[in-house]
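Here are my notes for your review. Please read them with the sequence and the model side by side.

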Amino acid sequence: MTVTTKITMPVRSFRRIENPFEKDGKRMYLAVVKACDLASEFEEWREINPRDPKTTSGVAQKIASTLREDPESFFFKNRGITLLVKNATFDNESNGLAVELTDRSIHGLLDGGHTFAVIREAFDSLTEEEKAASIMNEAYVKLEILEGFPSRSEAVEIVGARNTSTQVKDQSLDNLLQRFDTIKQVLGNKPYADRIAYKEIEFNDEGEKKDIDIKEILSYLVCFDREGFDDKIHPVIAYSGKASVLKHVDNNHDRLQKYITILPDILEMRDYIYEKMPEAWNRQGGKFGRIESVGRYNKPVALPFSGQKTEYSIPSAFIYPVLAAFRSLVQIEDEECSWIIPPAEFFEKHQQEIIRRLVDQALVFRNPTKLGKEKTVWQTCYDYVAMEVLKSQLKK
């Protein structure tokens, strides 16, 4: 939705930087603005910045220290703020800068989110009398203003290239490209929806860091990619390499869309396996808590997707091969995914044998990392589930 906003502020200096691409409408401006005059309205135009700034971070604390203790050097020590705008104009008589922004997915604070947040927090916490007397009035900040980039893809490319001091992760750029929109819709009404970080760093409304990484969710989705993996090639990348997961999802984005409809079931199945694994092993005479690399919490902990409690800290290498084996339960018809057998129902019936196969391997390897990367572990879990699914279909 287009929302036109015009933001004005006084500046100390303003100039246009000539470039070879002005004929295409691409312009660059540099402005110097007093930190206290930095417009607070930019707070509503931070969507294109791939990180949610937190003023308690180490980077932010250093910025704040310079602002409060050595404001005269702030201009030289700070990298400044970069804006993407529809257009920028300057009034020579009033020394006033006006920028127009119309699309939150393209325009706004491209870089310098921490600088903006620190400056606004510092001045917004003062009374008018305190502001007038503050030594922070000696601080100035650089503004780089880019105009004439009308497409989202161009904006994202600039964001990715500019945010290099702390490398912007692929997931942040994917989020800017709206590649996670379908997942957001499917999971939007789930209790854990506001805990999912779709960007590299993301905080909830209470200022707490979101604790479920979208890469983790994508790794579980990849476990069920029946077309990308078969009965011999298994999605070991889901466990071994989250960067590989992002690449797999990017390369197969359109094809994987149909699997997103069953994503809530997949996530709940992940937690169900986690919850039931100790009991399934103990029923067979084993002692799950004594398995090397398995830990115990001081008090029960809630699982992220189901909310059920567990006393055990189980390595993810124990979960992925079992979860991925259940892709045999997925059928694809007319580009839609559905379950041949409800996964929880199937697991309830066969959990002891599946868990026995996994734990037997864990006892041999005695190393979760090796276990999670060993293809034979994935194979033995998959073979059992595939065989039982075939038997159930033959009985019909």
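The points below cover ground rules, sheets, a hairpin, single residues, a helix and a cavity.

1. Ground rules. This is a predicted model, in which local features need pLDDT of at least 70, side-chain atom pairs count only at pLDDT 80 or more, and totals for chains, interfaces and linings use all residues. Numbering starts from 1 along each chain as its sequence is written, and side-chain values use heavy atoms, with hydrogens and water left out.

2. Strands here are DSSP runs (E, at least two residues), as helices are (H or I, at least four), numbered from the N terminus. Two strands pair if DSSP finds at least two bridges between them.

3. Strands 1 and 6. Six bridges pair strand 1 with strand 6 (residues 96-101) in the antiparallel sense. Threonine 5 stands opposite leucine 101 in strand 6. Leucine 101 counts as buried, at 0% relative accessibility. The cut-offs are under 20% relative accessible area for buried, over 50% for exposed, and partly exposed in between (1.4 Å probe, protein chains only). The C-alpha atoms of leucine 101 and leucine 84 are separated by 8.2 Å, with the two residues 17 apart along the chain.

4. Another open sheet has the order 2-3-8-4-7, and its pairing is mixed. Strand 2 (13-17) and strand 7 (108-111) stand at the edges; each has a single partner strand, so one side of each is left without a neighbour in the sheet. The twist averages 30° from one strand to the next. Strand 4 (residues 81-85) and strand 8 (residues 140-147) pair in the parallel sense over five bridges. Leucine 83 stands opposite isoleucine 145 in strand 8.

5. Hairpin of strands 13 and 14. These strands run antiparallel, joined by four bridges. Glutamate 333 has glutamate 336, in strand 14, as its bridge partner. Two residues lie between the strands, and aspartate 334 takes a positive phi near 55°. Glutamate 335 sits in the loop between strand 13 (330-333) and strand 14 (336-339). Its phi is also positive, about 60°, although it is not a glycine. At 55% relative accessibility, glutamate 335 counts as exposed. Strand 14 itself has a covered face, Cys337 and Trp339, and an uncovered one, Glu336 and Ser338.

6. A further positive phi. Most residues other than glycine have a negative phi. Arginine 366, in the loop between helix 14 (343-365) and helix 15 (368-373), has a positive phi near 55°. Arginine 366 counts as exposed, at 57% relative accessibility.

7. Phenylalanine 116. This residue is found in helix 3 (residues 113-124). Is phenylalanine 116 buried or exposed? At 1% relative accessibility, phenylalanine 116 counts as buried. Its C-alpha atom and that of serine 40 are separated by 8.7 Å, though the residues are 76 apart along the chain.

8. Helix 10. Val245, Leu246, His248 and Val249 are buried in helix 10 (residues 242-251). Seen down the axis, the buried residues of helix 10 fall within an arc of 160°, so they line one face of the helix. The arc is that of the directions from the helix axis to the C-beta atoms. On the face turned away from the buried side are the exposed residues Ala243, Lys247 and Asn251.

9. Cavity. A cavity here is a set of points, on a 1 Å grid over the protein atoms alone, where a 1.4 Å probe fits but cannot get out; lining residues have an atom within 4 Å of a point. Grid points are joined across faces, edges and corners, and a volume is the space filled by probe spheres set on the points. The count comes to one cavity of 30 Å³ or more. The largest cavity has a volume of about 60 Å³. Its lining includes Arg179, Phe180, Val249 and His253. Helix 8 (214-222) and helix 11 (253-256) are the elements that give two or more residues to this lining.

Methods: On a 1 Å grid over the protein atoms alone, a cavity is a set of points where a 1.4 Å probe fits but cannot get out, and a pocket is an open set with protein on both sides within 12 Å along at least five of seven lines; lining residues have an atom within 4 Å of a point. Axes are lines fitted to C-alpha atoms, for helices over the stretch in contact, and angles run from 0 to 180 degrees between N-to-C directions.
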